[in-house]
Amino acid sequence: MSQPNSYRTGPDEGGHFGMFGGRFVAETLMPLILEVENAYAAAQADPSFQAELDELLASYAGRPSPLYFAKRLTEHFGGAKVYFKRDELNHTGSHKINNCLGQILLAKRMGKRRIIAETGAGQHGVAVATVCALFDLPCVVYMGATDVERQQPNVFRMNLLGAEVRPVTSGRSTLKDAMNDALRDWVANVEDTFYIIGTVAGPHPYPAMVRDFQSVIGNEVREQMLAAEGRLPDTLVACIGGGSNAMGLFHPFLDDEDVRMIGVEAAGKGIQTGAHAASITGGRPGVLHGNRTYLLQDDDGQILEAESISAGLDYPGIGPEHAWLNDLNRVEYVSATDAEALEAFQLCSRSEGIIPALEPSHALAHVGTIAGELDPEHIICMNMCGRGDKDIFTVADALGMEI
Amino acid sequence: MTGRIEARFAALKAEGRGGLVTFITAGDPDPETSKALVRRLPKAGADLIELGMPFTDPMADGPAIQASSQRALRAGMTLKLTLEAVADFRESDDETPIILMGYFNPIYSYGAGKFLKDAKDAGVDGLIVVDLPPEEDSELCEPAIAAGLNWIRLATPTTDAKRLPAVLKNTSGFLYYVSIMGITGTKQVQEDDVRAAVERLREHTDMPIAVGFGIKTRSDVQSVTQAADAAVVGSAIVNKIASELYEDGSARPSLVTEVLGFVREIAIGVRSE
């Protein structure tokens, strides 16, 4: 495949990143998706939109999030310098708020009166419920019944924030099925409803729009790293479910050819067992939820259930722009197992005093794999995209402890 | 060459009655029972047969058709077997049109070109692929037309005058009007809304118009075909299948008879004038 002059100009008019992306949705949704696309283009051209978003990101979400040199882990790994982008310190405890603030401002501009969302771990659901409380809009969050069970603290938080959490029992009751039901709700309520998709997937313009809202992560890292080290990082590492935190970190650096980027998928019980959520490592191109991308699927094109200890990575697809960057070899995609993530979770808690979410624990596991082999001058920046409070029950259970 | 769909609508027009399009999911509740059902649908009153290609994630479908897809998949149904079921049907019936309805991924996985060839060879007449809007016509729609298949598109209450030409372009056989805002089988069709919508569509096309989503009874069928050329009944038939299952999901011996009895009952809606 020939390399483009820039990796940052996509998607094309039809929402394609190479062969990936697009608008694979039912006709009922098409007029609405075109409306979102036009409204987003108008918002981008309006300086007051970005000004309002910037103000909220600063005063409400707490941005910029710090760039932190993880000294003890650096010593522990005994190689490259490890930095964390502290997006777990954002209001609501993850990077999800960056995107939700952007989309709710857009929904408001469009005059929508009702918000729906899907959620896996509940981090996106909590962020959506939060911005809906802030803007006084009714909010329905679809969440797989399996995830409702394993993420009770976040379900309770959403309820406290005034959102209605609808457990989804269709299909196999996880994030994929929650997204199906959110799309079904949207089809039935197109006139007044805005769908806040939580990751860089779905029909165009969502993958590009969510990426744009999350790019604040990478833009801040660039400035902060120049201030701290006087140069850009050598390697960026982020975990990938749908891939929004990774895309937010990577995108501003895509044309800096000396910056290596690694996305870490969830290998669950191990790729070879089939029980994993690694769409690129273990899947092939297909069409689901409005876009073409790498999917976990069987020989008949039926979608397979993903499996990961981390509900936030438990999705059988990945954002189409990641699929494209993979095929161009611009970003490397690797994976970490449940066991490796659990180990990194504990290591980080003890050695840095930071309890990470299980999602970035996957990224940290990979940092642990590569850091020791690298030169002490090598700078790794990992996105600590969420905090682990929500995961303490899952982790206790996995470690055979009772709370 | 005139296709089976055109021929059937011409015949219905000559008879002066509306048509009944019946939907079931191929392989529901198991491949053999489903084959037996499809074979006998025309005699029970189905003028056109819409056959669902099962998919794990049917995002435009309500609970009834989602469940039917899952039953079929659990029973081992595949796209290949769906095409075999059509070929089996064609051995005894060369006139009743068969339209395959489903989602793109299983077709994409099968290989679009190979699918179109195998579908045509099996005796498929038309395709409805829910998640391929006009914006993605190069994927399957254009090759399907080139392969001699009808491409049937859904128009919905959100399809405004600005959007309609894009929907009508490349649509052939008939236009499928989705009578409710939402997913299959969830709301009740409103006759006045359908009438107004069909009249609006007729200003833009001479194609036959079939109306579906939310049509459940003989009287629904009757009232819808006062305005439209055909009525599509899906979830109600699929629910009938679901009610004829043992607790372990296997078919009761009475399933085929009961489901065909229901089809016969609703078919009166297009024959009773």
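Trainee: How many helices and strands are there in chain B?

Mentor: In this predicted model, chain B holds twelve helices and nine strands. Its radius of gyration is 17 Å, close to the 19 Å that the globule rule gives for 273 residues, so chain B is as compact as a globular protein of that length.

Trainee: And what box do the C-alpha atoms of chain B fill?

Mentor: Taken along the principal axes, the box is roughly 50 × 45 × 35 Å. Within chain B, buried residues make up 61% of the 273 residues, and among the contacts between residues at least 6 apart in sequence, 72% join residues at least 24 apart.

Trainee: Switching to chain A, what does its secondary structure come to?

Mentor: Chain A has 16 helices and 14 strands, and its C-alpha atoms fill a box of roughly 55 × 50 × 45 Å along the principal axes. A compact globule with 403 residues would have a radius of gyration near 22 Å, and the 19 Å of chain A agrees with that. Buried residues make up 66% of the 403 residues in chain A, while 73% of its contacts with a separation of 6 or more are between residues 24 or more positions apart.

Trainee: Which domains is chain A divided into?

Mentor: The division gives domain 1, covering 17-57 + 96-210, and domain 2, covering 64-94 + 215-398. The centres of domain 1 and domain 2 of chain A, taken over C-alpha atoms, are separated by 22 Å, and the contact takes 41 residues from domain 1 and 43 residues from domain 2.

Trainee: What volume does the second largest cavity have?

Mentor: Its volume is about 170 Å³, and of the 19 residues that line the second largest cavity, those closest to its centre are I65(B), Y176(B), T184(B), F213(B) and G234(B). Two or more residues of this lining come from each of β9 (230-233) and α11 (235-242) of chain B, and the lining as a whole divides into twelve nonpolar, five polar and two charged residues.

Trainee: What about the largest pocket, which residues lie nearest its centre?

Mentor: The largest pocket, with a volume of about 290 Å³, is lined by 16 residues, and F9(B), K13(B), R202(B), P208(B) and D229(B) lie nearest its centre.

Trainee: Where does the largest share of that lining come from?

Mentor: It comes from α1(B), which provides five residues. The elements of chain B giving two or more residues to the lining of the largest pocket are α1 (4-15) and α10 (218-227), and by class the lining of this pocket divides into six nonpolar, four polar and six charged residues.

How values were computed. Residues numbered from 1 in each chain as written. Chains lettered and ligands numbered in written order. Predicted model: local features only at pLDDT ≥ 70, side-chain atom pairs only at ≥ 80, totals over all residues. Heavy atoms only, no water. 1 Å grid on protein atoms, 1.4 Å probe; cavity = no way out; pocket = protein on both sides within 12 Å on 5 of 7 lines; lining within 4 Å. Points joined across faces, edges and corners; volume = space filled by probe spheres on them. Helix = DSSP H or I, 4+ residues; strand = E, 2+ residues; numbered from the N terminus. Nonpolar A, V, L, I, M, F, W, Y, C, P; charged D, E, K, R; others polar. Rg over C-alpha atoms; globule rule 2.2 N^0.38 Å. Buried < 20%, exposed > 50% of the residue type's maximum accessible area, 1.4 Å probe, protein only. Contact = heavy atoms within 4.5 Å. Domains from an automatic or database assignment.
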